[in-house]
Amino acid sequence: MLQDKPRGFNKTTRVRKKEINPWFMILPAFLLLLFLNIFPLIWSLGISFYKFSIIIKEVPRYVGGLNYINILTSPETWDRFFRTGIYVVYSIVLQFGLSLLVVLLLFDAFRGRRVIITLFMIPFMIAPVASALIFRYLLDENLGPVNFILNSLIGYKPLWFSTDMSPLGIPYALLTVILVETWIWTPFITFLLFAGMSAIPQDLVEQSRVDGLKFRYKFRYVILPYIKPMIAIALIFRFMDSLKTFDSVYILTAGGPGSTTELISVYIYRVAFERWDLGSATAISYLVLVIVIFMTNVFMRYIVRVSGGERS
Amino acid sequence: MKGVNIYRKTLLKYRVKKYLKFTLITLILVVYLIPVYEMFVLAFKSRTEMYSNYFIITQPTLDNFKEAYEHGAYGAIINSIIITAGGVSISLILALLASYAFSRYPVKGKNLLMFYILSTRMMPPIALIIPIYIMFFNLGLKGTYGGLILAYAMMTLPLSVWMIKSFIDDIPIDIDQAALLDGHSTTYILFKIIFPMIAPGIAASAAFAAITVWNEFLFALLLSSIETKPTSVLLSSIRGERGFNWGRVAAIEVIYILPIIVLIFWLQKYMLRGLTFGTVRK
């Protein structure tokens with residue numbers, strides 16, 4: 001690895017004038033980041049201390065920490081965080097469960113394995129907006145094919161976009177959002193786990209088969225060590241991205257009915273661009289940002305340990 | 001003889017198991033892809049058939065594509081192409097320069113900057129869009145192609161930098177040093193020596209960045225105007241119409257997702273790098 005030894009061009013080999021200062025090469029990218037990422041983030045901290053009026057041209061009023069006090073004391077915010085928590089837990093469990101099943105089925109090397117995994121990636125790569133829209137058709141309560149099939153099989157039509165309780169203990173609308181999100185993201189996890197599994201040496205697989213290893217031992221001692229780093233990576237990405245979920249929810253339910261599916265991103269969107277309370281919205285975003293930064297740090301430390309151990 | 005029998009039996013058992021697994025996985029895959037299949041079916045269905053014969057078409061028609069055309073879907077797709085091409089090219093050029101410097105030079109604060117770039121990927125876009133929205137509103141960039149292109153260049157920069165850097169890292173530094181001693185300039189080395197070597201990698205990075213921009217919704221929703229709205233925003237606006245034709249929606253969706261489905265097969269080789277930002281290589 002290049003990074004291990006400071007082997008870059010040093011002063012003795014540097015040929016004057018022909019070589020560009022590395023900082024000039026980084027500068028354009030840095031400026032773009034400064035303009036559209038670093039500055040907006042710092043500026044939005046300022047925004048969060050102001051109260052905006054509905055008319056965007058009007059000068060905002062400085063209110064100090066009032067926005068933060070309002071958020072932290074309002075049950076509405078905590079309710080949205082709670083919903084997001086439920087959503088994250090349910091979707092991660094579902095996604096990992098389903099991916100593990102698929103990956104274990106793909107464990108034996110057979111021809112066409114790659115094609116299957118590639119086809120499996122389609123739902124993940126296409127736009128969430130398109131996926132969510134097609135699910136609105138599929139899950140349409142009266143005319144959609146899913147309810148048509150369910151009705152002829154078990155004679156019951158669940159109201160997929162309602163506040164009715166589903167058998168999983170959450171309202172149907174929330175379940176629908178979770179299911180669609182699971183449909184979109186399971187391939188991502190499956191792919192990572194599959195990549196980890198492909199790294200298992202073939203003779204180890206053969207050996208375990210010749211020895212007639214029981215499945216649980218095979219899983220514990222042959223498969224798990226190889227997919228562990230991938231599970232860590234997938235977990236980080238999924239956790240972060242679950243907090244960001246917006247597209248599919250906005251298309252499926254737009255946060256409704258009521259606030260049943262108002263996950264934190266949708267909530268911020270509504271506060272900002274429907275109530276035009278930009279100050280409070282940025283304040284909530286900052287809260288989310290702090291959580292994300294904290295979690296990233298925790299996870300990153302873990303992943304460096306896990307993947308570092310794997311390489312050496 | 002007995003040993004051979006046992007051997008045959010286990011082999012048979014193993015084969016049966018294998019085929020069972022294969023059947024099961026194929027079945028899961030087929031069920032899993034029904035929604036995508038349904039988009040294609042709906043797109044070619046006539047309006048009268050929309051809520052009957054769910055999964056088959058008896059009389060395929062192109063009416064839906066015609067209707068999509070009449071409703072301005074193709075303008076939205078052209079917008080998508082403009083925005084994607086613009087955003088991806090800017091991000092690639094900036095990323096190529098930056099990642100070369102990151103890969104080859106011990107720049108001060110490199111790790112910090114690289115980590116910051118990666119962490120922008122983790123930030124919820126909703127936290128970023130509010131200040132950018134106000135900023136663009138004040139600068140007159142809201143609703144313009146330029147604003148969207150800049151925003152997307154920023155959005156795809158982390159992926160491009162990390163991925164291209166991973167490709168440059170794979171090339172031994174001795175090549176650069178030799179070229180430098182031969183008296184070539186950095187620009188020559190980067191564009192004439194390194195670039196051709198990592199061209200497939202750059203194409204893959206471009207494809208991943210393009211898919212990100214092509215599919216993006218939140219920024220597009222808030223930063224575009226009626227004239228500059230890309231396909232994702234058009235699709236979401238149909239949702240609000242009363243009694244719209246699902247066939248038209250599906251027709252737009254098919255045009256929207258088809259390029260990506262084609263790309264996936266080409267990207268197979270680079271998928272792992274793309275999904276993990278080049279941090280995991282094969």
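## Chain B at a glance

Take the contacts in chain B between residues at least 6 apart in sequence: 78% of them join residues at least 24 apart. Two residues count as in contact if their C-beta atoms, placed from the backbone, lie within 7 Å. This is a predicted model, in which local features need pLDDT of at least 70, side-chain atom pairs count only at pLDDT 80 or more, and totals for chains, interfaces and linings use all residues. Residues are numbered from 1 along each chain as its sequence is written, while chains are lettered from A and ligands numbered from 1 in the order in which they are written.

## Fold and overall shape

Chain B has 13 helices and zero strands; helices (H or I, at least four residues) and strands (E, at least two) are DSSP runs, numbered from the N terminus. With a radius of gyration of 25 Å, well over the 19 Å that the globule rule gives for 282 residues, chain B is more spread out than a compact globule. That radius is taken over C-alpha atoms, and the rule is 2.2 Å times the number of residues to the power 0.38. Along the principal axes, the C-alpha atoms of chain B fill a box of roughly 80 × 70 × 35 Å.

## Where chain B meets chain A

The contact takes 81 residues from chain B and 78 residues from chain A. On the chain B side, helix α6 (residues 125–139) gives the largest share, ten residues.
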